[in-house]
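Subject: Structure for your review

Dear colleague,

Please find below the structure that I am handing over to you.

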Amino acid sequence: MASCETCVVRNRAICAALDAQEIGALNAIGRTRTLTPGEALIWEGDDSVLVANVIDGVLKLSTGTEDGREQIVGMVFASDFIGRPFGATTGHGVTALTEATVCVFNRRDFDAFAREHPALEHKLLQRTLTELDRTRRWMLLLGRKSASEKVASFLLEMAERTASPGCEHHEPAGEIRLDLPVSRQQIADVLGLTIETVSRQFTRLKGEGVIDLPSRREVVIRDRHALVAEAG
């Protein structure tokens with residue numbers, strides 16, 4: 001596998017808590033895996049046999065409903081942690097939305113390593129609490145916000161999670177360019193809206209000069225302050 005020393009997300013991932021010797025030991029039990037769009041990494045309901053760090057790309061967390069539909073319950077991005085350490089089964093499937101690179105560990109090997117390295121366990125706890133806060137914000141979005149507020153909030157979340165460092169230097173002042181990893185139908189599914197409602201909101205925001213839409217998957221945020229106000 002590629003060396004942890006050259007990992008592009010090392011300073012942001014859970015392994016940032018480790019020193020050079022510990023990084024070497026972690027490197028010895030992991031392997032790098034590349035996923036193509038649509039390829040599954042973890043299946044819902046399976047035993048928890050692996051965990052992973054996302055090095056690059058975007059993956060979805062999804063669960064099946066009783067009537068056979070898929071519900072996207074979250075997305076993970078570069079430096080995020082995937083999987084369920086310390087046993088149990090997985091509560092959702094994990095599938096690549098874009099081409100993705102992940103650093104994969106056997107769950108039992110990772111558990112043993114974490115028990116011997118309290119700093120890593122502490123980092124895992126921090127990540128868990130951060131995800132809990134994000135989930136609570138998402139519950140507010142789904143339960144209380146209007147369609148316009150939901151779409152604006154989603155775009156701001158994508159800007160926060162996918163923007164590359166220094167990307168502002170490649171766009172006119174104040175503009176943020178997003179390559180959305182999901183289709184409008186998937187956005188609608190995530191937000192609990194219809195695809196028609198999502199499309200109307202995109203069109204309205206473009207008409208008001210808040211965003212631009214160069215293509216179906218590209219969004220340019222032209223007025224972030226207006227989008228924040230829209231998100232409530």
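This is a predicted model: local features need pLDDT of at least 70, side-chain atom pairs count only at pLDDT 80 or more; totals for chains, interfaces and linings use all residues.

Residues are numbered from 1 along each chain as its sequence is written, and side-chain values use heavy atoms, with hydrogens and water left out.

Overall form. The chain has seven helices and 11 strands; helices (H or I, at least four residues) and strands (E, at least two) are DSSP runs, numbered from the N terminus. Its C-alpha trace spans about 55 × 45 × 30 Å along the principal axes. Of the 232 residues, 44% are buried, where buried means under 20% relative accessible area, exposed over 50%, and partly exposed in between (1.4 Å probe, protein chains only). Among contacts (heavy atoms within 4.5 Å) with a separation of 6 or more, 70% join residues 24 or more positions apart.

Nonpolar cores. A nonpolar core is a set of buried Ala, Val, Leu, Ile, Met, Phe, Trp, Tyr and Cys residues joined through side-chain atoms within 4.5 Å. The largest one holds 31 residues, of which Phe154, Leu155, Leu178, Leu180 and Phe202 touch the most other members. Elements giving two or more residues to this core include strand 5 (70-76), helix 4 (147-162), helix 6 (195-207) and helix 7 (224-231). Helix 4 supplies the largest share, seven residues. Leaving aside neighbours within four places in sequence, Leu155 is in contact with residues including Leu178, Leu180, Phe202, Ile211 and Leu227.

Helix 5. Six of the eight residues of helix 5 are buried, so this helix is largely enclosed by the rest of the structure. The buried residues are Arg184, Gln186, Ile187, Ala188, Val190 and Leu191. Just after helix 5, Gly192 takes a positive phi of about 70°.

Thr34. This residue is in strand 1 (residues 30-35). Thr34 is partly exposed, with a relative accessible area of 47%. Beyond its neighbours within four places in sequence, Thr34 is in contact with Glu39, Glu99, Ala100 and Thr101. Thr34 and Cys103 are 69 residues apart in sequence, and their C-alpha atoms are 8.9 Å apart in space.

Yours sincerely
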